[in-house]
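This briefing goes through selected side-chain features of one protein model, grouped by topic. Please look over the sequence and the structure before reading the points below.

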Amino acid sequence: FTKPVLAGTNVIVTAGGTQEAIDPVRFIGNRSSGKMGIALANVAADMGAHVTLISTVHDPISSPNIEEVHVSTAIEMQKKLEETFAMTDVLVMAAAVSDFRPVHKAEQKIKKNNDEDIYTIKLQKNPDILKEISKKKTDQFVVGFAAETENLIPYAQKKLHEKNVDMILANDVSKVGSGFNTDTNEITVIQNNKEPVTWPLMSKDDVAAKFWKFYEKNIKK
Ligand code: C5P
């Protein structure tokens, strides 16, 4: 039994990788499992928060405190976020948003053309959802993730400033057990004017619990 220390707190968590349609049956995607976001949503709900989970995957959710909104694309995710952001206290942007989407979605399944071995898909840059929504910040606490394969701390600090967020949870995805499609994560917490703090490798459920305890103790007003 967890004490409802986050009762009255509104939380938005985004989870999973966006899927950008090429045609009715194909998409551009990524290897994000959605596990970190789902864990963050479940723990916050267990602690009594009201959670809006904006997700691309159908999630094993554990609580009536979670309102799940299913989306596929970055644009859909952005739209839902824009509808809900003003009412939230915390946004945790754990989704792996595709940086690009096909310029056109074919109405029908694209057929093989026997004369051509090369097929080109033209891509359009997606909005940086986190950066755009952070421009609308009033007193929300906004958290982003950064998956890196080198220079973890400087790259994550750059993201903290460029995206105008309050905290970045950074992980080195080249390390065994950290990042996409694993059940564990090694997180370094980056905040403005504070020394980076690295948490030991632990399960994504434990990362979520540690994050919300940190929030409750140090950030929550
Ligand atoms: O720039 P990068 O993709 O590494 O930043 C990661 C953070 O930014 C994550 O929190 C991710 O959810 C968010 N992001 C976003 N929109 C994008 C790309 C990333 O909100 N187009």
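Trp 212 and Tyr 215 both lie in helix 5, three residues apart, which is about one turn of the helix. Their rings form an edge-to-face aromatic pair, with 5.7 Å between the centres and 80° between the planes. The model is a predicted one.

**Aromatic rings**

- Both Trp 212 and Tyr 215 are buried.
- The structure holds three aromatic pairs.
- In one of them, the ring centres of Phe 141 and Tyr 215 are 5.8 Å apart and the planes stand at 45°, so this pair is tilted.
- Phe 141 is buried, as is Tyr 215.
- Through ring pairs, Phe 141, Phe 211, Trp 212 and Tyr 215 are linked into a cluster.

**Salt bridges**

- Side chains of opposite charge can pair when their charged atoms come close.
- The count of salt bridges comes to eleven.
- One of them joins the side chains of Lys 163 and Asp 128, at 2.7 Å from N to O.
- This pair links distant parts of the chain, 35 residues apart: Lys 163 is in the loop between helix 4 (152–162) and strand 10 (167–172), and Asp 128 is in the loop between strand 8 (123–125) and helix 3 (129–134).
- Lys 163 has a relative accessible area of 19%, so it is buried, whereas Asp 128, at 29%, counts as partly exposed.
- Asp 166 forms a salt bridge with Lys 137, and their closest N and O atoms are 3.2 Å apart.
- Asp 166 lies in the loop between helix 4 and strand 10, and Lys 137 in the loop between helix 3 and strand 9, so the pair ties together parts that are 29 residues apart in sequence.
- Asp 166 is partly exposed at 25% relative accessible area, and Lys 137 is partly exposed at 21%.
- Lys 175 and Glu 186 meet through their side chains in a salt bridge of 2.9 Å, N to O.
- Here Lys 175 belongs to the loop between strand 10 and strand 11 (184–185) and Glu 186 to the loop between strand 11 and strand 12 (188–191), eleven residues apart.
- Lys 175 counts as partly exposed, with 41% relative accessibility, and Glu 186 is partly exposed with 22%.

**Glu 83 and its network**

- A network of salt bridges links Lys 79, Lys 80 and Glu 83.
- Glu 83 is found in helix 2 (residues 74–84) and is partly exposed, with a relative accessible area of 48%.
- From Glu 83 to Glu 186 the distance is 32 Å, C-alpha to C-alpha, and the two are 103 residues apart in sequence.

**Surroundings of Thr 88**

- Thr 88 sits in the loop between helix 2 and strand 6 (90–93) and counts as buried, at 5% relative accessibility.
- A polar atom of the Thr 88 side chain lies 3.0 Å from the backbone oxygen of Asn 10.
- The backbone oxygen of Val 90 likewise lies 3.0 Å from a polar atom of the Thr 88 side chain.
- Leaving aside residues up to four places away in sequence, Thr 88 touches Asn 10, Val 11, Ile 12 and Gln 140.

**Nonpolar surface patch**

- Phe 100, Tyr 119, Ile 121 and Leu 123 form a nonpolar patch on the surface, and together they have about 400 Å² of accessible area.
- Phe 100 is in strand 7 (residues 100–102) and counts as partly exposed, at 39% relative accessibility.

Conventions
Residues numbered from 1 in each chain as written. Predicted model: local features only at pLDDT ≥ 70, side-chain atom pairs only at ≥ 80, totals over all residues. Heavy atoms only, no water. Phe/Tyr/Trp six-rings, centres within 6.5 Å; stacked < 30°, edge-to-face > 60°. Buried < 20%, exposed > 50% of the residue type's maximum accessible area, 1.4 Å probe, protein only. Helix = DSSP H or I, 4+ residues; strand = E, 2+ residues; numbered from the N terminus. Patch = residues over 30% accessible without salt bridge, like charges linked within 9 Å, V, L, I, M, F, W, Y side chains within 5 Å. Areas by Shrake-Rupley, 256 points an atom, 1.4 Å probe, with all protein chains shown as cover. Salt bridge = Lys/Arg side-chain N within 4 Å of Asp/Glu carboxyl O. Polar contact = N/O pair within 3.5 Å; in protein donor to acceptor, adjacent residues only side chain to side chain. Contact = heavy atoms within 4.5 Å.
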